[in-house]
Amino acid sequence: MSSGSSRLAQLPAPLRSALAECRLIKVIAGLTNFDAAAVERISQAAGEGGADLIDVACDPALVRRAAAASGLPICVSAVDPELFPAAVAAGAAMVEIGNYDAFYPLGRRFEADEVLAITRRTRELLPEVVLSVTVPHVLPLDQQEQLALDLVALGADLIQTEGGTSARPFSPGVLGLIEKAAPTLAATHAISRALAAAAGPETPAVPVLCASGLSAVTLPLAVAAGAAGVGVGSAVNRLQEPWAMAAVVRELRTALPRPVAATL
């Protein structure tokens, strides 16, 4: 099996550069969004707005449609590992376990043991494909850190955080946007430092993607907390018009800090 760094080296060069510069923007269409027309609109807007990656539900037809509309690499998200191989065969550049936001309103929780089992099976099916795994925000932060370390040991190439659904912002304006992002920012800070400490001074740490509840206000905070990239869903896909979606993506791109020196 390839190492994480060699698998990441298989990604398209612009995507690798975005990760290395801590400026990756992933637009998330939604793990349960199988509306082909909506996914196409979101993907087109993401491409026009300057995103680096589209995250779509794990369906081969959606992979092909999103790639054609955006011209960008495609990530597919699911919690069933058996769905991934067909999507990769259709052209997905990477796969992701989670995130789990769509399941929480249904009372469905993902505990560490289940996430590890899904990861283990995904690696059995796809030993050479780039794998991102979301750490459930319902776990205490110390358990999120440990799970991230265990996931990397199983072959996760990227770790994603979440937390927007648990946030209860009570302030208007900018303060409310920061309150909304607080859980995923806290997880990013804790996990990125745990992964860096485990990697040691001479080895690049596994990149962390900060997602769920982010906005143009909080994207710079995500990078400061240790994120190599950000995932943004509702800020874009809640809109209906492609031009409005593209405008939000451009605003997000502008909000990120200028490239920082880093090497994958």
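This is a predicted model: local features need pLDDT of at least 70, side-chain atom pairs count only at pLDDT 80 or more; totals for chains, interfaces and linings use all residues.
Residues are numbered from 1 along each chain as its sequence is written, and side-chain values use heavy atoms, with hydrogens and water left out.

**View 1. Tyr-100, Phe-103 and Phe-110 form one aromatic cluster.** Rings of Phe, Tyr and Trp (its six-membered ring) pair if their centres lie within 6.5 Å; planes under 30 degrees apart count as stacked, over 60 as edge-to-face and the rest as tilted. The ring centres of Tyr-100 and Phe-110 lie 4.6 Å apart with planes at 25 degrees, so this pair is stacked. Tyr-100 and Phe-110 are 10 residues apart, both in the loop between strand E4 (94–97) and helix H6 (112–125). Helices (H or I, at least four residues) and strands (E, at least two) are DSSP runs, numbered from the N terminus. For Phe-103 and Phe-110, the centres are 5.3 Å apart and the planes at 70 degrees, so the pair is edge-to-face. Tyr-100 and Phe-110 are both buried, and Phe-103 is buried too. Buried means under 20% relative accessible area, exposed over 50%, and partly exposed in between (1.4 Å probe, protein chains only).

**View 2. Strand E8 (residues 229–232) is buried and pairs with E1 and E7.** Gly-229 and Gly-231 point one way from E8, and Val-230 and Val-232 the other way. Two strands pair if DSSP finds at least two bridges between them. Strand E1 (residues 24–28) runs parallel to E8 and is joined to E8 by 4 bridges, with Val-27 opposite Val-232. Strand E7 (residues 208–211) is also parallel to E8, over 3 bridges, and Leu-209 stands opposite Gly-229. From E7 the chain passes through helix H9 (residues 219–224) to E8 in a right-handed β-α-β crossover; that is, with the strands pointing away from the viewer, the path from the first strand over the helix to the second runs clockwise.

**View 3. The largest cavity has a nonpolar lining.** On a 1 Å grid over the protein atoms alone, a cavity is a set of points where a 1.4 Å probe fits but cannot get out, and a pocket is an open set with protein on both sides within 12 Å along at least five of seven lines; lining residues have an atom within 4 Å of a point. The count comes to 1 cavity of 30 Å³ or more, and the largest cavity holds about 40 Å³ of space. Its lining consists of Leu-11, Leu-15, Leu-19, Leu-24, Leu-53, Met-94, Leu-158 and Leu-209. In helix H2 (residues 13–20), the buried residues include Leu-15 and Leu-19. Just after H2, Cys-22 takes a positive phi of about 55 degrees.

**View 4. The largest pocket has a volume of about 430 Å³.** A volume is the space filled by probe spheres set on the grid points, which are joined across faces, edges and corners. Of the 25 lining residues, Ile-28, Asn-99, Asp-101, Gly-233 and Ser-234 lie nearest the centre of the pocket. E8 and helix H10 (234–237) each supply at least two lining residues, and H10 gives the largest share, 3 residues. The lining has 7 nonpolar, 14 polar and 4 charged residues. Ala, Val, Leu, Ile, Met, Phe, Trp, Tyr, Cys and Pro count as nonpolar, Asp, Glu, Lys and Arg as charged, and the others, Gly among them, as polar.
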